[in-house]
Structure formats: structure tokens, C-alpha cells
2 protein chains.
Amino acid sequence: MTTAVKHSLPDHHHVPDCRDCPIRHRAVCARCEADELEQLEEIKYYRSYPAGQTVVWAGDRMDFVASVVSGIATLSQTMEDGRTQMVGLLLPSDFIGRPGRDDAAYDVVATTDLIICCFRKRPFESLMARTPHIGQRLLEMTLDELDAAREWMLLLGRKTAREKIASLIAIIARRDASLNLKANDKIMAFDLPLTREAMADYLGLTLETVSRQITALRKDGVILLEGKRHVTIPDFERLLGETGDDSDGGYLI
Amino acid sequence: MTTAVKHSLPDHHHVPDCRDCPIRHRAVCARCEADELEQLEEIKYYRSYPAGQTVVWAGDRMDFVASVVSGIATLSQTMEDGRTQMVGLLLPSDFIGRPGRDDAAYDVVATTDLIICCFRKRPFESLMARTPHIGQRLLEMTLDELDAAREWMLLLGRKTAREKIASLIAIIARRDASLNLKANDKIMAFDLPLTREAMADYLGLTLETVSRQITALRKDGVILLEGKRHVTIPDFERLLGETGDDSDGGYLI
DNA sequence: CTGTGACCTTGATCGAGGTCAAGTAATGAC
DNA sequence: GTCATTACTTGACCTCGATCAAGGTCACAG
């Protein structure tokens, strides 16, 4: 299997500077930094998880950091009584884990089939200490994630249900567009990678409200739906108008 | 004035590892790192702002990074229609600004009289490049802030108004206790450093709801109020029970 | 084809928190 | 003293989204 996965590594060369995801990042990509390549190669390995499986539980000991190779994972917290809030969406090339901490702070769950590229933590940390460049990139990524988290705080604290849904769809549409590089397509189309419940956990809503608002956006012609998951956006500006964000479009999340 | 401020610098030696503030941090403190002291000394200067004044507006060019010496500042975002969400509370020794970005992402407002210690950005960045240790501390601080932001996402997305207020009061109480080092005092007392409106902006509520919930907590004996701002907490565990957080108390924010 | 379960939609109702409005308290200017 | 202002409280009402409940659709197993 390792061999099979290695063939997918060219993905790692595609390191999008995705400004659109809730958790923006740039991958820590071995292949793109010749100097560190061999050292990283020595301490890395791959793991795969089927959709629905939990990668780590909050509080578990975590002896690795990792980067998403393919698939989608979520980061979430759960209160004693079961209320849960998703705090991050991990897409290919996003980073998992935290140098300097041994226990996972959040549940990491694979929402689709998932392959991650792991680095054993101690060696990674010492490599980081020897190679300031890696630490700097990690800082940059972390600052981007912090900005994204704060943008999400605005969404959670102040937006209406309709604005929340529109924002999430806009974000997914942008990430999809930036990954698939069809920049000139006026019409965006993609599958929602999350269930209604996962969207609800992300947006601080209930799944019923998510369903109702998606229906409302469809009835108003803001989005088109085929089946339950496939979304087409006939007019992206129109969608942006529903998000409540600044309309200059320059820096939406 | 510069001289007067320099006399307050011993504050910088008190670098609490405050795990309780929404935006946790450790100061980048010149005094505590002999090696970098002189280089930092060369590029630093102080600024002070009266309560209510805006330090920087979102989108403004920012040619410095800074550390709070005394007073309290807030970090917030505002939507076109005026809805605002606070995304950070900056207390003494917290860090302001972001190496690698020229424009401020958020409004920074002094809520009390404020003194900050600034470092010109370009020299700070090049010092960072030469001194990996600084970058590492910055990474650590940023990761702490990220955790705090995510904890706040749970609050914003899933907690009730009463839980939100209780959480905020608990956080302020802990920070106050950790700053004032009266660990054995069972009874905590302090002044709320924020107006009802600022609390509302922080918690994603309206100021009326904040007022009502504070009244409710007072009537239920969870907190005592003298005047509008001075709070006494007769039973901290009781307050924690109102926050909705895990009751082990180990890692509240 | 029929059951079963996951996922989603829709309806009816309820309530937490928002909105609007009036009023209080403390402060400070004149 | 009066007036104005800022910060806060309280009440009445309403709305948005949660809750509870039922039903639909689809994929898949037997």
C-alpha cells in the first residue's frame, strides 16, 4: 500500500496557497524543499482511514504530525452534554498536529476516505530546530489558520443562518475552484463534502436549519441542487452577496 | 515620557504563562533573553493611548509589531452593516501584529489607557530570521492563540447566553488571579475591564442580553456585584459549573 | 422485492435571545 | 443648581432558529 500511496505524491507538488479554506495553509511539503527532503523522507510514513473513522480523539497522545494527502478530515470539540462544534476543516495539504504538544486538543475525524502523510514528532521537532525554514513556514501556516479561525468567529457570533450557509458554500466553491484551476469557468459546480449534520456542527446550527436554508437558497435561485450534494453556482457574485461579507471579494476568509 | 515608561519595564519580567485568556501567550520579552536584548533595544519604542482610542484600523498599514505593557486592548472585526465581533482580548504582555503581513487584519482598540512596546517590523523580522529562538516562541504563542480562538468558536457556536457570560467571567477571574498571584484566596474579586457592549461583542450577544444574564447570575448568587463593574465570586466551582465546560477544571480555555 | 438504515426534508410549535423603548445612575460641564 | 452624556437596567414584544415529530429517498443486504 505504501507503494500505491507514494505514487500519489505528485499531489504534494501542488501546494496551493489557498486563501479560501476556513483553515488556510501552505503544506509542509518535503518534495518542494530539496534540502530537507531526505531528512523528512526518513521519518515519514503514510496512514489511511475509511470515511467516518476517527483519526485521533481529543486528549489522546499523539506522537506524530501529519499532512493531508487526499480526502477530507474535520477538527472538532464536544461538550460533556454532546453539543459539538467543528473548529477546522482539513483538506489536502493541510497540516495536522502541533509541535510542542503531546496530546491532541481536538477530535480529528475522516469525513471521506483519507490518506495522511505522517512525520514522527520527536524527529520532526529536532529537524525543525535545525532547520529554521520549516519553523517559519509553520508559523506562517499557523498565522493563516488563526486568521481563518477569527473569521469563523465572526461567522459564528454574528451571521444569520442564511449567511452562514452562503459563506460555507462560497468557501467550499473557492477551494474547489482553486484546486481544480478552472479559473475562467463562470459556472462553478462541485459536490458538498459534508453531511448536513457536519455542516451544522461547523456553522453552529442544527441540521434541520441547514437543510431549510439550503432549500431556501435553492428556491431563490442562488444555488442549483442535483440530488442532495451536487451544487451548481450560477452567479458567484450573487452568492457572495448572501454571505454578509464585504463585497469587494478581495479577502473573504 | 519614554523615561517614565521605562520605569514600568519590570512588568516585562513577569511573563505569566496564562492559560486562561481567550488569547493566551507568552511575551516576547527583551529582558528575559539576554542574547537578543540589545538588538531588540535598538528597534523598540513605546506608545501610549487613552481609553477608547483606536490603535490601528483593519486594513491600515502597520509597520510595527508590539507587546502590551499595561492596559487592555481588543481585537475586532466589523461587517459592512455594523455588526461587530471581537476576536481577541489583549492583556499585558500579549502580542500585537504579525510578521510577514503589512496590513492590519483587525481593529485594535484600547479599552483602558494602554501602553504598548513597539518593535519596527522590518528589523524585527530580520532579527527573527537570525534568531530562530524568537520565531519559535512566536510559533508557540501563535499556537496558543489558535487554541484559544478555537475554544472561543465552541463558545460562540454552542453555548447559551448564560454559559457565555459565566465563561467570560471565569476567564477574567483566572487571568486576574494569575496576575495577582493570590492563589490561596478562595474568594476572587476584581473589576470587569469591559463595558457591557464590549462583552456583547466578545460573546456574540447584545448588550441587553449581557445585562440580563449578569443580573440573573447575581440574583442566583453565582456572582456578587458592587456597582456595575466590581465582581466578587464567592464560589469559583459554582461559577465553573455554569460555563458548560468540563468540570475537571484542568483545561478551561 | 422488501426490509433496513443513513441521510435528508418538511411541518408544527416553542423559547432564547434580539429589538425597541423607557427609565435609572453616575459623572462632569456650565 | 440644570443639562447632557455615558453606561447600564428593565420591560414588552417579536423573530429566528431550536426542538419535536413525521415522512421521503436512496443504497444496499438478504
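Q: At what angle do helix H6 and helix H7 of chain A pack, and how far apart are their axes?
A: In this predicted model, H6 (residues 196–203) and H7 (residues 207–219) of chain A pack at about 100°, with their axes 8 Å apart.

Q: What makes H6(A) roughly perpendicular to H7(A)?
A: Just the angle: the label covers 65 to 115 degrees, and the pair sits at about 100°, so H6(A) counts as roughly perpendicular to H7(A).

Q: Which residues of H6(A) and H7(A) meet, and how do they split by class?
A: Arg196(A), Glu197(A), Met199(A), Ala200(A) and Leu203(A) come from H6(A), and they meet Leu207(A), Val210(A) and Ser211(A) of H7(A). That contact has five nonpolar, one polar and two charged residues.

Q: How do you know that the buried residues of H4(B) line one face of the helix?
A: The buried ones in H4 (residues 121–130) of chain B are Lys121(B), Phe124(B) and Met128(B). Look down the axis and the buried residues fall within an arc of 65°, so they line one face.

Q: Which helix gives the most to the surface near DNA strand D?
A: H8(B), with six residues.

Methods:
Residues are numbered from 1 along each chain as its sequence is written. Chains are lettered from A and ligands numbered from 1 in the order in which they are written. This is a predicted model: local features need pLDDT of at least 70, side-chain atom pairs count only at pLDDT 80 or more; totals for chains, interfaces and linings use all residues. Axes are lines fitted to C-alpha atoms, for helices over the stretch in contact, and angles run from 0 to 180 degrees between N-to-C directions. Helices (H or I, at least four residues) and strands (E, at least two) are DSSP runs, numbered from the N terminus. Angles under 35 degrees count as roughly parallel, over 145 as roughly antiparallel, 65 to 115 as roughly perpendicular and the rest as oblique. Two residues are in contact if their C-beta atoms, placed from the backbone, lie within 7 Å. Ala, Val, Leu, Ile, Met, Phe, Trp, Tyr, Cys and Pro count as nonpolar, Asp, Glu, Lys and Arg as charged, and the others, Gly among them, as polar. A residue is buried if 20 or more other C-beta atoms lie within 10 Å of its own, exposed if 12 or fewer, and partly exposed in between; C-beta atoms are placed from the backbone. The arc is that of the directions from the helix axis to the C-beta atoms.
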